Amino acid sequence: MITHPSHVFISYSRRDSAFAEQLERDLQGHHLKTWRDTTSITGSQEWYDSIIAGIEGAYAVLLIVTENSEQSRWVKRESLFAEKKGIPIVPILPTAYTPRHFEFLLIETTPFHCIPPNYEATLPKIMTSLEDLRGRRDSLRLDTTDSSAETAYLDFLLSETEADLRSTLYVGLGATTERVMPRLKPSRLGVPHKSEFRRLGLEKIVGDAFEKPGEAVPDARIPLRDMQRCILLGDPGVGKTTTLLQLAIDLAYAAKSGESSLLPVFVPLRSYTGEQSFEAFVQAQMGNLQSHYADLLAEKRLVLLCDALNEMQRLGPDGHSLVADVRDYLKYKPVWVVSCRVRDYQEELADLENVAKVRLSPLDPPQIYEVIQRRFHETPERGNKLWETMQGTPKLLEKWAEFQKYNLTPYFWQTKNDWEVAVKANVADEKRHWGLRYHGFEELWQNLNKDTRRLMSLCRNPYMLYIVCEIFDLSDILPENRGALFAQFVDDLLTREEANSTAVGSDWIPQSQIRLTLAHLAYLMQRSESGTELPYLEAIAYIQEQLPNLDPMLLLKFARAASLIELGDTVRFTHQLLQEYFASEKMAQMMDSSTSPTVFWPSDSWWKPQGWEETAIFLAGNRDLITVAEWIMQANPLLAYRCLRESGQSVSEAAYQSFAPRLAERLFQELTPHIGTKFSFPLQETASIVATLNPPKSIDYAEGLFLYLIEGIKAKQTVPLQETASLIAKLNPAKATEYTEYLYEHVFQSHHQAALDILRRIPLNELWRGLPSRFDPDLPKLFPENRTLKMMMVVDDHIPSRLLLRKVLERAYGEEFVIIEEGDSYTALVSAVVLSPDLVTSDINHPGIGGIEFCKYLHKIPTMEQVLFIFISADGFKEARGLDAGANDFLTKPLNPREVVERIGILLGRPIAY
């Protein structure tokens with residue numbers, strides 16, 4: 001624990017922040033600890049307590065004396081309190097101003113004149129004086145305790161996070177003038193979504209399989225308990241900031257109760273400008289504990305919660321990379337979480353080692369229903385009407401848990417064009433396909449697709465659900481897509497503010513000019529280094545240039561009153577999706593003027609994310625869809641396809657089948673020159689487009705894509721195996737067999753799991769027909785006769801049990817056998833058809849066809865008749881049935897590692913000690 005805190009307290013006016021920050025950087029650069037209040041909201045009891053703790057723990061107070069500080073009541077109170085406590089005050093004069101109210105300080109203490117160019121020469125004298133004062137303070141050893149300082153910090157943190165969580169990001173659309181509160185500069189913790197959203201779901205990503213559902217994370221603190229270094233992934237609007245704030249609250253309460261010694265530090269990356277080191281910036285977020293930073297870091301007690309990498313300025317004042325600052329700082333820190341989008345991680349943080357990936361789970365229908373009910377708790381009948389508008393039904397809520405149990409929920413969100421592909425590729429065996437109908441899944445899916453807007457899918461994003469609720473509350477009518485939703489949302493907010501201004505006789509600027517200005521500002525922000533904000537003075541100058549007859553400050557004031565932007569030293573939109581929407585209006589103007597889309601997606605890197613993708617999808621929602629897709633296809637054919645799928649506008653099948661072949665042809669124009677090269681082409685998205693085409697076009701294009709993969713394998717390149725798996729699933733059975741055997745031969749030894757993933761994409765009945773070489777001696781063998789690779793397969797849907805058994809087997813037999821694992825009997829059967837394991841252990845109750853049937857089916861495979869099979873189950877009453885099904889042994893849970901090894905040793909004919 002910390003003892004005898006010792007630092008310099010810097011007292012200053014917020015208007016003198018630039019000088020205070022420079023002075024603090026220089027002092028810290030010479031290993032002097034400092035404490036400086038960086039909060040923007042003052043006056044609460046917690047804030048008082050933190051200031052008092054900061055002063056009481058200081059051996060000196062540096063008072064920056066300016067006209068601004070003499071007018072600040074807080075600076076005056078800080079100096080009076082320090083004097084009362086007997087803490088030396090060191091005046092600093094950064095300008096030629098002659099003090100009036102602080103004149104008494106100059107009588108007893110000689111001030112340090114830091115007026116340029118004297119600053120550099122004066123700085124060593126200031127440090128010498130502070131060292132002397134610290135020596136005197138250390139000799140006195142004031143009796144301060146670490147617990148009080150930590151408690152004050154935690155109380156302050158809890159107060160601010162809870163205040164933020166309770167506050168409303170946007171005022172209600174039907175708000176009266178009295179309810180419209182003046183906007184304050186955002187707190188240092190940022191502002192999350194409305195309080196209707198409770199704790200959001202998390203899922204752990206395995207490896208880099210971002211396209212697959214992850215493992216559920218039931219507790220927000222688990223990423224720190226079990227992972228410690230973690231990337232929190234999520235698209236704009238899904239609640240990354242809210243989740244980090246919830247995590248900060250969890251940790252703060254745990255620390256206060258004594259359950260944990262970890263101290264959370266919320267780090268708003270959007271505020272980092274590179275004018276100081278990132279380490280100094282982190283310390284500045286610690287309030288009264290910043291002087292203890294080094295000790296807390298050494299004790300591994302700091303939890304750094306770094307929010308919104310995607311909203312952070314990319315380059316510092318000197319042009320260096322701010323992302324590199326963050327990455328280099330985190331590289332050797334033990335406990336942290338960074339929130340960002342998937343592409344930010346892949347492009348900028350992927351080289352960080354020992355990092356876990358956790359993704360925010362989109363809302364599911366029961367959660368959407370719950371939010372609607374809380375939002376309309378005073379008028380539940382209107383909430384039910386909105387739910388019905390989304391095609392929500394009681395049966396959907398009743399069946400959702402059952403869908404989750406049988407892993408059906410990923411298919412629920414497939415669009416109409418993708419439904420048949422998804423079913424054929426993943427649910428093609430008759431029993432599972434029949435299960436979809438039996439459980440009412442297809443009926444509910446078809447009912448959902450009666451809404452061509454797919455509102456239910458749209459509202460999986462918490463921010464979009466918030467907007468839908470607000471618009472419905474006002475009008476009872478919802479637009480047809482996301483772009484139109486934002487258009488109406490903005491119209492309603494501006495109309496409300498216009499009515500309020502008219503009611504009090506205030507001036508007003510036409511909405512068209514406000515929207516035009518905000519569209520230009522959004523475009524400039526996305527073009528800027530920061531990507532999410534502009535300096536206030538730069539925004540003012542731009543508006544004056546574009547609209548010389550308008551008052552720019554008045555225009556920004558109205559936009560702020562409408563809750564569209566936030567104002568401070570910079571101008572930023574209150575939500576990133578709002579910025580994307582307004583930028584789409586500027587993009588529409590450029591499209592209408594025949595500007596080439598290569599402005600946004602350069603020809604030499606169009607397939608890489610450029611930051612304009614969401615903007616384009618907004619554009620597609622507010623304009624003729626095919627027109628937008630045609631324009632974007634000139635530069636980015638994959639994004640044109642996304643616009644067709646994700647804009648929310650419906651397009652007829654005839655129109656799609658007319659446009660899609662041209663889209664595929666455009667893709668192959670880009671792909672063909674790179675066959676056999678190290679060019680990394682986005683094959684998965686290309687395969688998705690190919691799969692929606694009518695035969696025989698789809699087969700022709702699929703074979704062309706596969707040629708690219710084969711050439712890559714021959715050149716010993718890193719082949720994108722997941723894309724390969726998706727592609728194979730779209731070929732006809734004969735071609736699937738031919739290519740599968742070729743691929744399997746080439747990637748099995750070094751990429752066993754990936755190869756297995758490829759084979760699982762082929763329906764079981766086609767796989768059985770498609771691999772006769774496994775059983776027909778007249779055809780080439782997939783495996784050579786003299787293969788030495790032996791395998792044990794562990795089948796269990798309970799992950800902890802499966803992992804434990806795998807570790808036991810690896811310890812006992814790892815030198816002789818490869819241990820593979822499966823979570824259900826269906827996929828285990830596919831693996832067994834291909835891999836011919838020598839021994840299989842299986843639970844008796846798990847998803848799929850069940851353990852008993854699995855055992856019977858396995859022994860029907862010609863090459864598996866003699867496989868050793870052991871049931872390991874907690875259901876001991878089924879032992880007789882298991883042995884009758886063909887099992888060689890039956891062990892009961894809980895698992896006894898020694899017994900497992902001994903019984904397997906007996907079956908293998910060579911018992912070993914464990």
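**Local packing in the predicted model**

His 859 is found in the loop between α40 (851-858) and β19 (868-873). Helices (H or I, at least four residues) and strands (E, at least two) are DSSP runs, numbered from the N terminus. The model is predicted, and local features need pLDDT of at least 70, side-chain atom pairs count only at pLDDT 80 or more, and totals for chains, interfaces and linings use all residues. Residues are numbered from 1 along each chain as its sequence is written, and side-chain values use heavy atoms, with hydrogens and water left out.

His 859 is buried, with a relative accessible area of 19%. Buried means under 20% relative accessible area, exposed over 50%, and partly exposed in between (1.4 Å probe, protein chains only). Leaving aside residues up to four places away in sequence, His 859 touches Met 864, Glu 865, Val 867, Phe 869, Ala 885 and Gly 886. Contact means heavy atoms within 4.5 Å. Pro 911 lies in the segment after α42 (897-908). Pro 911 is exposed, with a relative accessible area of 62%. The C-alpha atoms of Pro 911 and Val 901 are separated by 7.9 Å. These two residues are 10 residues apart along the chain.

The protein as a whole contains 42 helices and 20 strands. Of its 914 residues, 55% count as buried. Among contacts with a separation of 6 or more, 72% are between residues 24 or more positions apart.

Helix α4 covers residues 73-84. At 1.5 Å a residue, its 12 residues should span 16 Å, and its end C-alpha atoms are 16 Å apart, which agrees. The expected span is 1.5 Å times one less than the number of residues in the helix. The buried residues of α4 are Trp 74, Val 75, Glu 78, Ser 79 and Ala 82. They cover an arc of only 135 degrees around the axis, which puts them on the same side of α4. The arc is that of the directions from the helix axis to the C-beta atoms. An α-helix has 3.6 residues a turn, so residues three or four places apart point the same way. α4 is followed by Gly 86, whose phi is positive, near 75 degrees.

Strand β4 (residues 89-93) is mostly covered, with 5 of its 5 residues buried. Ile 89, Pro 91 and Leu 93 point one way from β4. Val 90 and Ile 92 point the other way. Strand β3 (residues 58-64) runs parallel to β4 and is joined to it by 4 bridges. Two strands pair if DSSP finds at least two bridges between them. Val 61 stands opposite Ile 89 in β4. Strand β5 (residues 112-113) also pairs with β4 in the parallel sense, over 2 bridges. Here Leu 93 stands opposite His 113 in β5.

Strand β12 (residues 356-360) is likewise mostly covered: 5 of its 5 residues are buried. Ala 356, Val 358 and Leu 360 are buried on one side. Lys 357 and Arg 359 are buried on the other. Strand β6 (residues 202-205) and β12 run antiparallel, joined by 4 bridges. Glu 203 has Arg 359 of β12 as its bridge partner. Strand β8 (residues 229-233) pairs with β12 in the parallel sense, again over 4 bridges. Leu 232 stands opposite Val 358 in β12.

An open sheet is formed by 3 strands in the order β13-β15-β14, with antiparallel pairing. Its edge strands are β13 (534-535) and β14 (565-567), each pairing on one side only. Strand β15 (residues 570-573) is joined to β14 by 3 bridges. Ile 565 has Phe 573 of β15 as its bridge partner. Helix α26 (residues 552-561) lies across β14 and β15, running at about 120 degrees to β14. Axes are lines fitted to C-alpha atoms, for helices over the stretch in contact, and angles run from 0 to 180 degrees between N-to-C directions.

Helix α23 (residues 482-503) packs against helix α28 (residues 613-622) at an angle of about 85 degrees, with their axes 6 Å apart. That makes α23 roughly perpendicular to α28. Angles of 65 to 115 degrees count as roughly perpendicular, under 35 as roughly parallel, over 145 as roughly antiparallel and the rest as oblique. On α23, the contact is made by Arg 482, Gly 483, Ala 484, Phe 486 and Ala 487. On α28, Glu 614, Ile 617, Phe 618, Gly 621 and Asn 622 take part.
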